[in-house]
Amino acid sequence: MTPVSSHSPHGQSPLRTVQVLGGGNARSSAHVRSLASGLVARGVRVTVCAPVDADRTYDFSGAGAEHVHVPRSSDPGAVAALRAACADADLVHAHGLHASFRAVLALSGRRTPLVVTWHDRAQAEGARAHLVRLLERRVVKAASVVLGASSTLVDRARATGARDARLAAVALPGVRKAVRLEDPDRPRPKVRAELGATGRPLLMAVGSLDSHRGYDTLLDASRAWRELDPVPLVVIAGEGPLRTELQRRIEDEGLPVRLIGRRDDVTELLAAADIALLSSSWESRSVLAQEALHARVPLVATEVGSMPELVGDAAELVPYGDAEALADTVVRLLGDPERCEELRAKGVRQAATWPSEDETVAQVLSVYDELTQPRPLV
């Protein structure tokens, strides 16, 4: 571990931090679980304020943190509960826009330093998009430091009015790193048989069934794959409001696509795939992209947000919404095993450049120390 100070501003007791979660984002919840574990190991007292179901899923208490139930809403009761939990905190660290706004309300009138991490950009359209921008502006102006998981998020925070915005790439928690191809016990044939992909290519997509995921483009592209022999099977793991609409299209058009709902075995599913697909309109630090490269699975993704920064030359990137480009790229990869092997090798090298969990914790704690250590009198 990197030796970093974990003392309070007065040097008399351990630093006490409060981590604030909205509770609905798997990426930020997994990060807080990893962060809590690393901070506790360094002698920091950690309280995680999140809905009780988030603690059941991510076991913050098991990481050595104290868990305080705070509902997802920003009503007066939730804000009062958060304010009480932050009463003797040396520093508060909020993750995501809504959790950050709640923290701003709870800390109103206090001088407690507030650190905000943006893991992704809030997806909104129309009037709600305007509300999101207002919330972002309120949050970044109140925050001592805004940490962005990607450079695009840092730029967005600065453009919104942040006093201090810094890049702080979030490590992929070890529990989510996919199984590597060389693992002898990997249950690849069994998984492929369960999905109906025996003797045919398996294309894997993972993510909520929402409009920004670009699944309409993915279904459009799958029409071209029906001409291949054998026909590739597209499997989408995730749940969301567009399920009925997507399922209707799959059935009406006879598309080689399966919706399998939310799954807990995503790492195994991805490791069994021939190609991973990511068709989103926006991505920050995509968990699927990271898992695909860790698993040495060729990735075809949209060239949006921070995707080029994340994957470098270790993936095939296509324009968002271009079904023809997506279809052609997949067909080309399926017929070019040498290119697939090249992408696997590049993926391993690219993944090695990403920060470890230990490095992520050390960077965050250095920010904490900067904000809480007493400055010498000049």
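**Notes on a buried histidine and its sheet**

1. H31 sits in helix α1; helices (H or I, at least four residues) and strands (E, at least two) are DSSP runs, numbered from the N terminus. Please keep in mind that this is a predicted model, where local features need pLDDT of at least 70, side-chain atom pairs count only at pLDDT 80 or more, and totals for chains, interfaces and linings use all residues. Residues are numbered from 1 along each chain as its sequence is written, and side-chain values use heavy atoms, with hydrogens and water left out.

2. Is H31 buried or exposed? With a relative accessible area of 4%, H31 is buried (under 20%; exposed is over 50%, partly exposed in between, with a 1.4 Å probe and protein chains only). Beyond its neighbours within four places in sequence, H31 is in contact (heavy atoms within 4.5 Å) with H95, H119, V170 and T360.

3. The open sheet has 7 strands in the order β3-β2-β1-β4-β5-β6-β7, with parallel pairing (at least two DSSP bridges between two strands). Strands β3 (66-69) and β7 (165-167) are at the edges with a single partner each, so one side of each lacks a neighbour in the sheet. From one strand to the next, the twist averages 20° (axes are lines fitted to C-alpha atoms, for helices over the stretch in contact, and angles run from 0 to 180 degrees between N-to-C directions).

4. V146 has A165 in β7 as its bridge partner. Helix α15 (residues 357-372) packs on the sheet, touching β1, β4, β5 (114-118), β6 and β7, and its direction makes about 140° with that of β4.

5. Helix α1 (residues 26-41) lies across β1 (16-21), β2 (45-50) and β4 (91-95), running at about 170° to β1.
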